Amino acid sequence: MRIITIPSPRDHLMSDSKLLLSRRQMGGLFTGLAASSLLPGSAMAQSKYLDIRRGTNFQPIPIAVTNFAGEQGPALSGIITNNFARSVFLQPLEPRSFPEQVSNPDAPPRADAWRMINAQFVLTGRVGRAPDGRMQTQFRLWDVSTGQQVSGQQYVTDPNNARRVAHIVSDAVFSRITGEKGFFDSRVVFIDESGPKERRSKRLSIMDQDGANVRYLSGGDELVVTPRFSPSSQDVAYMAFGKGDPRVFILNIETGQREAVGNFPGMTFSPRFSPDGQKVIMSLSQGSSSNLFTMDLRSRATTRLTDTAAIDTSPSFSPDGSQIVFESDRGGTQQIYVTSAGGSGAKRISYSEGARYSTPVWSPKGDFIAFTRQKGGSFGIGVMKPDGSGERIITEGYHNEGPTWAPNGLYVMFFRDPGGNGGPKIFMADVFGRGEFAVPTQSYGSDPAWGPLLS
Amino acid sequence: MTFMISARTLKIVAALSIGLAMAACSKNPNEDGSGSGFGSGLGAGAATPGSQQDFVVNVGDRIFFESDSTELTSTAQATLDKQARWLQQYGQYSITVEGHADERGTREYNFALGARRAEAAKSYLAARGIPASRLRTISYGKERPVAVCNDISCWSQNRRAVTVLGGANS
């Protein structure tokens, strides 16, 4: 994709070197997607508009997402609006309240009119054809308080990438306003579940973060659980029940090639990639104990990290790879421990009275560890700092389990099971617990694992 | 509280015989080979001595655990004693002990917990003279409940180790 920065009406285009940089930043799955950055107008514009951490006075930023011009424009605007509606930090305004129909997306909107409906930003854009026939999308973000354009980009790509362009525009706008990285241009692997509970059929599946573009990666004959995305490749690690002991496999979701991870003398489970994507860390069950191991994917060398009679599982690396958080019942009940990447000096960090903690996952920002907490018959999802302080429960109920982090560290997805003969569904919530949204899946869904940003 | 038919049936007759309960079920959950812990092709009535049906109906193929426990209760030990005697008499069977957990735990931990329960049963059988070469274990964690509802009457049925003749994957 080619990205060009769209200058505000009175600015000029950016230099070529900047263009090149933008192009290099796009990578990921879709080649042939080019973009260029249309640079912000006023140098005086604020660097960010929202302190996402602000406490009880927090108010989401109202934004008017107008229909982009062109035949495909409204569809793109719809995807963007839906993204913002789940972002917690941005609040898309009802189109019915809009004071004007934007006929020229390149002209500044009537700031005084938009101020009347308390819009803080107006997003305009158009979708058309580039001279070479590819899809060309432009957006401009206008600050209503100044009437100035504060961001603008143009993307040229294959029409099949339309949804991705909507997510990339969403990320650009989200970043511009919040000063945080985006997360919309990302995917989630999960387990699609169907059939009665005693014989649940489970399929390895992948979708966009908004629930669109579901693709099934396994057929449902084989029991599969706990998929985890590689941060650096198209690989997914997961546990599958085949012949012999259940074990951890890696599947390349592009080629369909799959292989067992190591040749361990027992059940391996609970895999996760290291932040550089070079290692898989997992549990090995032997006798009545489960311990942590890593396997280097290049050398195939395996390393034992813990050697206890306990259940050590759900390991997750810190983003710099220097530490591991995991759960263990070595002290009697499931609790969260942090240890060095070599497995030494494990220190318990979870201490709430009468609670059991499990499935810890380190945030990609490094600032929090998300977990499942069982207390008083409820299963909640929460976060705490890596030293165990600042615990905050985001949601609690009959059964919430298995958080996974958005690539920007501001949201978690998890699954919620009503129990009985029903089945789990996937939800997302922001890390501050301000908003929660169902992620639409056709059937039951569990074990979500968020992948990296694609662009 | 909602019960499935099979769950209610199981609950009522559990004290009598799991084997008969299974015979009362309209469908056979093991036909997909997924190892849910049921013998296949069971029917009510007299079982041929030494048959799988004999084992399930007259010996009892499963033991139950307390919540988050891998301790063998006295009832569980009595069942395993009967299993060991029967398995010594009928030495042609290889044995897979399946470990299961209830749904009130997280997935990863429950795999490990199920493995521990299977191991506890296997160790007990081995100590009663069943050669280790005949015994293997597998854990299904919380993936294959037999009883489905939102209370302890179901959870207690699901916290189990099931001795499967011939192995779940053979």
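Mentor: Before we start, one term: a residue is buried if 20 or more other C-beta atoms lie within 10 Å of its own. Also keep in mind that this is a predicted model.

Trainee: Got it. So what share of the residues in chain A is buried?

Mentor: Buried residues make up 54% of the 455 residues in chain A.

Trainee: And how many helices and strands does chain A have?

Mentor: Chain A has four helices and 31 strands.

Trainee: What about contacts between residues 24 or more positions apart in chain A, what percentage do they account for?

Mentor: Take the contacts in chain A with a separation of 6 or more: 47% of them link residues 24 or more positions apart.

Trainee: Which domains does the assignment give for chain A?

Mentor: The domain assignment lists domain 1 (2-178) and domain 2 (188-453). Where they touch, domain 1 of chain A gives seven residues and domain 2 of chain A gives 10 residues. The domain 1 side of that contact divides into three nonpolar, two polar and two charged residues.

Trainee: Changing topic, how many residues does each chain put into the contact between A and B?

Mentor: Chain A puts in 28 residues and chain B puts in 26 residues. On the chain A side, the elements that give two or more residues include β11 (224-229), β15 (268-273) and β23 (356-362) of chain A.

Trainee: How does that side of chain A split by class, nonpolar, polar and charged?

Mentor: The side of chain A that touches chain B has five nonpolar, 17 polar and six charged residues.

Trainee: You mentioned β23(A). Which way do β23(A) and β24(A) run, parallel or antiparallel?

Mentor: They run antiparallel, and five bridges join β23(A) to β24(A). As one example of the pairing, R356(A) stands opposite Q374(A) in β24(A). The two strands form a hairpin with six residues between them, and G366(A) in the turn has a positive phi of about 85 degrees.

Trainee: What does β24(A) pair with over seven bridges?

Mentor: That partner is strand β25 (residues 378-384) of chain A, again in the antiparallel sense. Here T372(A) stands opposite I381(A) in β25(A). This hairpin has two residues between its strands, with G376(A) in the turn at a positive phi of about 55 degrees.

Trainee: Why is β24 of chain A described as largely enclosed?

Mentor: Six of the seven residues of strand β24 (residues 369-375) are buried, so the rest of the structure largely encloses this strand.

Trainee: Which residues have the most contacts inside the largest nonpolar core?

Mentor: Those are I369(A) and V412(A), in a core of 138 residues. Helix α5 (residues 107-127) of chain B supplies the largest share, 10 residues. The core also draws at least three residues from each of domain 1 (2-178) and domain 2 (188-453) of chain A.

Trainee: What does I369(A) touch, leaving aside its neighbours within four places in sequence?

Mentor: Its contacts include V325(A), I336(A), W362(A), V383(A) and M384(A). Apart from this core lies another, of five residues, among them V146(B) and C149(B).

Trainee: Last one, helix α4 of chain A: how many of its residues are buried?

Mentor: Helix α4(A) is mostly covered, with 14 of its 17 residues buried. This helix (residues 162-178) reaches 24 Å from its first C-alpha to its last, close to the 24 Å expected at 1.5 Å a residue. Just after α4(A), G179(A) takes a positive phi of about 75 degrees.

Methods
Residues are numbered from 1 along each chain as its sequence is written. Chains are lettered from A and ligands numbered from 1 in the order in which they are written. This is a predicted model: local features need pLDDT of at least 70, side-chain atom pairs count only at pLDDT 80 or more; totals for chains, interfaces and linings use all residues. A nonpolar core is a set of buried Ala, Val, Leu, Ile, Met, Phe, Trp, Tyr and Cys residues joined through C-beta atoms within 7 Å. A residue is buried if 20 or more other C-beta atoms lie within 10 Å of its own, exposed if 12 or fewer, and partly exposed in between; C-beta atoms are placed from the backbone. Domain bounds come from an automatic or database domain assignment. Two residues are in contact if their C-beta atoms, placed from the backbone, lie within 7 Å. Ala, Val, Leu, Ile, Met, Phe, Trp, Tyr, Cys and Pro count as nonpolar, Asp, Glu, Lys and Arg as charged, and the others, Gly among them, as polar. The expected span of a helix is 1.5 Å times one less than its number of residues. Two strands pair if DSSP finds at least two bridges between them.
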